[in-house]
Amino acid sequence: MKGKIALEEHIESPDFPATGTHNFTDPTYFDDVENRLQEYKLRLEDMDATGIETTILSLTQPGVEGIPQAKLAIDTAKRMNDHMANFFVKNNPDRFLGFATVPLQDPAAAAKELERAVKELGFVGANINGYTNIGDENTARYLDEQPVWEFWAHVQELDVPVYLHPRVPLPNQQRIYQGYEGLLGSAWGFGFETSTHALRMILSGLFDKYPKLNIVLGHLGEALPFTLPRVEHRLRHQKRETHGIHKRPPMDYLRNNFYLTTSGTFRSQALLNTILEVGTDRVLFSVDYPYENMRELAPWFDTCPISENDRIKIGRTNAAKLFKLDKKLSKAARAA
């Protein structure tokens, strides 16, 4: 399929290697990842070869969220957004769009930077790498907590989506991975951490207060289409005060406030189950480049057993509608 739009596609700047330590990763593989994070010619070659027209770029994890000092986080977020705009997007406006990096160490500053990125740089939303460190590496603020709600009010006003991207669990919560450090990242810990984070947001009442919010989750929803029905079922037997102040069943929020992408998950059975749970209008194509290979994931998507109408929706039109891209992309093509 040609014309695909992908939106969990990562970059970094040479003066801020945002990827952190990956001691459990094969060095040959990760050297290639690091190279591809910082350049765009190989990325464009892969896009051309696999029918991906446009990618929405984001700063790789843990990113600015891993900077405990608020002022440094604010300054770095601005610098990273300018780098993405001036190095990647400006040179390829018909192929690359941007997710803003937002310094949630200071939610008011995060809201201000998101507005700048959207209105001045032309970005189409924000990417948030999980929890935000506050003060030290073991102190975190999650997105459902009250200091962040002023940021969410601004997101709803701007009417842009937010991608909730995984990051490694807090160091003081990693005991269960000792001896199995390969599970800490994308193999397992990312999904466990992010699905729990999303569940906190669902149960907190956030989407009752701000019903127009749209959150994007990768990896087919970090397993929530499979696990959330069980959560919903069992919460019926729990004391109400133990599971938040949400007004509707949890699955209602997954189907109405979340979009789920195919990033890094090329298994047809899982995609079909996700479609059965949330419908084709809420599923989006993505790769998770450069951690995943476009030339491996795109051919799977192009031939997986779904209808061609659904393939077009998931591959392009759902994202074009969510991010209001048709006008933006046609304008960029004219200017190129």
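This is a predicted model: local features need pLDDT of at least 70, side-chain atom pairs count only at pLDDT 80 or more; totals for chains, interfaces and linings use all residues.
Residues are numbered from 1 along each chain as its sequence is written, and side-chain values use heavy atoms, with hydrogens and water left out.

**View 1. Pairing of β5 with β8.** These strands pair in the parallel sense over four bridges; pairing requires at least two DSSP bridges between two strands. Strands are DSSP runs (E, at least two residues), helices likewise (H or I, at least four), numbered from the N terminus. N127 stands opposite Y163 in β8.

**View 2. The open six-stranded sheet.** With parallel pairing, the strand order is β4-β5-β8-β9-β10-β11. β4 (100-101) and β11 are at the edges with a single partner strand each, so one side of each lacks a neighbour in the sheet.

**View 3. Surroundings of β10 (residues 258-261).** F258 and L260 on one side, and Y259 and T261 on the other, are all buried (under 20% relative accessible area, 1.4 Å probe, protein chains only). Strand β9 (residues 215-217) pairs with β10 in the parallel sense over three bridges, and L217 lies opposite L260. In β11, L284 is the bridge partner of T261.

**View 4. Contact of helices α12 (residues 294-303) and α13 (residues 308-322).** Their axes come within 9 Å and cross at roughly 145°; axes are lines fitted to C-alpha atoms over the stretch in contact, with angles from 0 to 180 degrees between N-to-C directions. F301, D302 and T303 of α12 and R311, I314 and G315 of α13 make the contact (heavy atoms within 4.5 Å).

Conventions
Buried means under 20% relative accessible area, exposed over 50%, partly exposed in between (1.4 Å probe, protein chains only).
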